[in-house]
Amino acid sequence: MATQTTGIQRRTYPSAVSSQVAIVTAALFTDDQAHKVYVKNLSTNATEFVTVFVGATELGRLYAGDFLFMPYSADTTGDDADIDIKTSSSNMSVEFAVF
């Protein structure tokens, strides 16, 4: 269980991610703390986007330079609270953390 932060992480996806891939796994966190999640699309190409999901629910798209910062209460009973992404193009980099 993470008690402070996961630290800022960056991943580059060599090919477009066409199915959801987890960047935050709910089982590593508790549902009784005030977690915050940060996700940023590091692309500089205005046509490239990252689609963000919580479980199967699509939250929206982050275009070049966009970021998301939201409260997060992990549901540790399954993978429904995992935070997943899809990328629109190859060689896209995504930055993320849980605080």
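**Close-up views of a predicted model**

**View 1. Val50 in strand 4.** Val50 sits in strand 4 (strands, E, at least two residues, are DSSP runs numbered from the N terminus). This is a predicted model, in which local features need pLDDT of at least 70 and side-chain atom pairs count only at pLDDT 80 or more, while totals for chains, interfaces and linings use all residues. Residues are numbered from 1 along each chain as its sequence is written, and side-chain values use heavy atoms, leaving out hydrogens and water. Val50 is buried, at 1% relative accessibility (buried means under 20% relative accessible area, exposed over 50%, partly exposed in between; 1.4 Å probe, protein chains only). Beyond its neighbours within four places in sequence, Val50 contacts Asn41, Gly60, Arg61, Leu62, Ile85, Lys86, Thr87, Met92 and Val94 (contact: heavy atoms within 4.5 Å). Lys40 is 10 residues from Val50 in sequence and 8.6 Å away in space, C-alpha to C-alpha.

**View 2. The loop residue Thr44.** Thr44 belongs to the loop between strand 3 (35–41) and strand 4 (49–54). Its relative accessibility is 79%, so Thr44 counts as exposed. Thr44 and Gly65 lie 21 residues apart in sequence, yet their C-alpha atoms are 6.5 Å apart.

View 3. Four strands make up an open sheet, ordered 1-8-3-6, with antiparallel pairing (two strands pair if DSSP finds at least two bridges between them). Strand 1 (9–13) and strand 6 (67–72) are at the edges; each has a single partner strand, so one side of each lacks a neighbour in the sheet. From one strand to the next, the twist averages 20° (axes are lines fitted to C-alpha atoms; angles run from 0 to 180 degrees between N-to-C directions). Strands 3 and 6 run antiparallel and are joined by six bridges.

**View 4. His35 in strand 3.** His35 is part of strand 3. Its relative accessible area is 4%, so His35 is buried. Tyr72 is its bridge partner in strand 6. Leaving out residues up to four places away in sequence, His35 touches Phe29, Thr30, Met70, Pro71, Tyr72, Val98 and Phe99.

**View 5. The largest nonpolar core.** This core has 22 residues; Ile23, Val37, Val39, Val52, Tyr72 and Ile83 touch the most other members (a nonpolar core is a set of buried Ala, Val, Leu, Ile, Met, Phe, Trp, Tyr and Cys residues joined through side-chain atoms within 4.5 Å). At least two residues come from each of strand 2 (21–24), strand 3, strand 4, strand 6, strand 7 (83–87) and strand 8 (92–98). Strand 8 contributes the most, four residues. Among the contacts of Val52 beyond four places in sequence are Val39, Leu59, Leu62, Leu68, Ile83 and Ile85.
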